[in-house]
Amino acid sequence: MVKSAVDIVQIPVKGTDNFSYLVICLKTGKALGVDPGASPASLLDVVKERGVTLEVLANTHGHRDHVAGNGDIVTATGARLAAHPADLPQADISLKDGMTLAVGAMTIDCLLYTSDAADEEDSVD
């Protein structure tokens with residue numbers, strides 16, 4: 001049996017029907033968080049429980065129900081914020097179609113696509 005070098009944790013965002021994600025590099029203990037939503041404690045609790053270092057916090061798009069906890073997460077962890085510049089121009093890392101994002105020993109491909117809603121584009125897949 002081959003053991004994966006990556007663990008992906010789906011985290012319910014308290015008080016909503018959304019999810020955050022924590023992508024953990026098992027080789028290094030470094031992690032990528034995705035979409036903290038309005039309850040940053042949901043993601044922070046799992047980061048603490050797993051004993052990992054959150055290096056990057058990424059947003060799939062700029063709607064408030066996905067980005068509201070960004071400031072609290074960045075302040076608590078020192079993570080760099082990654083987002084598409086059309087959604088969050090102040091992000092530390094501007095995500096672009098086709099780029100790769102390195103976290104620990106992981107390489108994450110970034111894809112830009114337009115959703116069914118005219119105003120939505122997701123930038124991390």
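**Entry 1. Cysteines.** I looked for disulfides and found that the structure holds zero of them. The model I am working from is a predicted one. Cys25 has a relative accessibility of 2%, so it counts as buried. Cys110 is likewise counted as buried because its relative accessible area is 1%.

**Entry 2. Overall composition.** I recorded three helices and ten strands for the chain. Read from the N terminus, the elements follow the order β-β-β-α-β-α-α-β-β-β-β-β-β. The chain has 125 residues, and 42% of them count as buried. I also looked at the contacts with a separation of 6 or more: 44% of these are between residues 24 or more positions apart.

**Entry 3. The sheet.** I traced an open sheet of six strands, in the order E1-E2-E3-E4-E5-E6, and its pairing is mixed. E1 and strand E6 (93-94) are the edge strands, each pairing on one side only.

I then went through the pairing at the E1 end. E1 and E2 run antiparallel and are joined by seven bridges. Ile8 has Val23 of E2 as its bridge partner, and Val6 has Cys25 of E2. The hairpin of E1 and E2 has six residues between the strands, and Gly15 there takes a positive phi near 80°.

On to the next pair: E2 and E3 are antiparallel, with four bridges. In this pair I noted Leu22 opposite Gly33 of E3. These two strands also form a hairpin, with four residues between them, and Gly29 in its turn has a positive phi of about 75°. I checked the burial of E2 and found five of its seven residues buried, which leaves the strand mostly covered.

**Entry 4. Nonpolar cores.** Which residues touch the most other members of the largest nonpolar core? Among its 18 residues, they are Leu22 and Leu43. Strand E1 (6-12), strand E2 (19-25), helix H1 (40-50), strand E4 (53-58) and strand E5 (80-83) each give two or more residues to this core. H1 gives the most, with three residues.

I listed the contacts of Leu43, leaving aside neighbours within four places in sequence: Ile11, Tyr21, Leu22, Gly33, Pro36, Leu57 and Ile73. I also found a second, separate core of 14 residues, which includes Val34, Val56, Ala82 and Leu95.

Which residues of H1 are buried? They are Pro40, Ser42, Leu43, Val46 and Val47. Seen down the axis of H1, these buried residues fall within an arc of 165°, and therefore line one face of the helix. I noted that the cover over them includes E1, E2, E3, E4 and H3. The face of H1 turned away from the buried side carries the exposed residues Lys48 and Glu49.

Definitions and conventions. Residues are numbered from 1 along each chain as its sequence is written. This is a predicted model: local features need pLDDT of at least 70, side-chain atom pairs count only at pLDDT 80 or more; totals for chains, interfaces and linings use all residues. Side-chain values use heavy atoms; hydrogens and water are left out. A nonpolar core is a set of buried Ala, Val, Leu, Ile, Met, Phe, Trp, Tyr and Cys residues joined through side-chain atoms within 4.5 Å. Buried means under 20% relative accessible area, exposed over 50%, partly exposed in between (1.4 Å probe, protein chains only). Contact means heavy atoms within 4.5 Å. A disulfide is a pair of cysteine sulfur atoms within 2.5 Å. Two strands pair if DSSP finds at least two bridges between them. The arc is that of the directions from the helix axis to the C-beta atoms.
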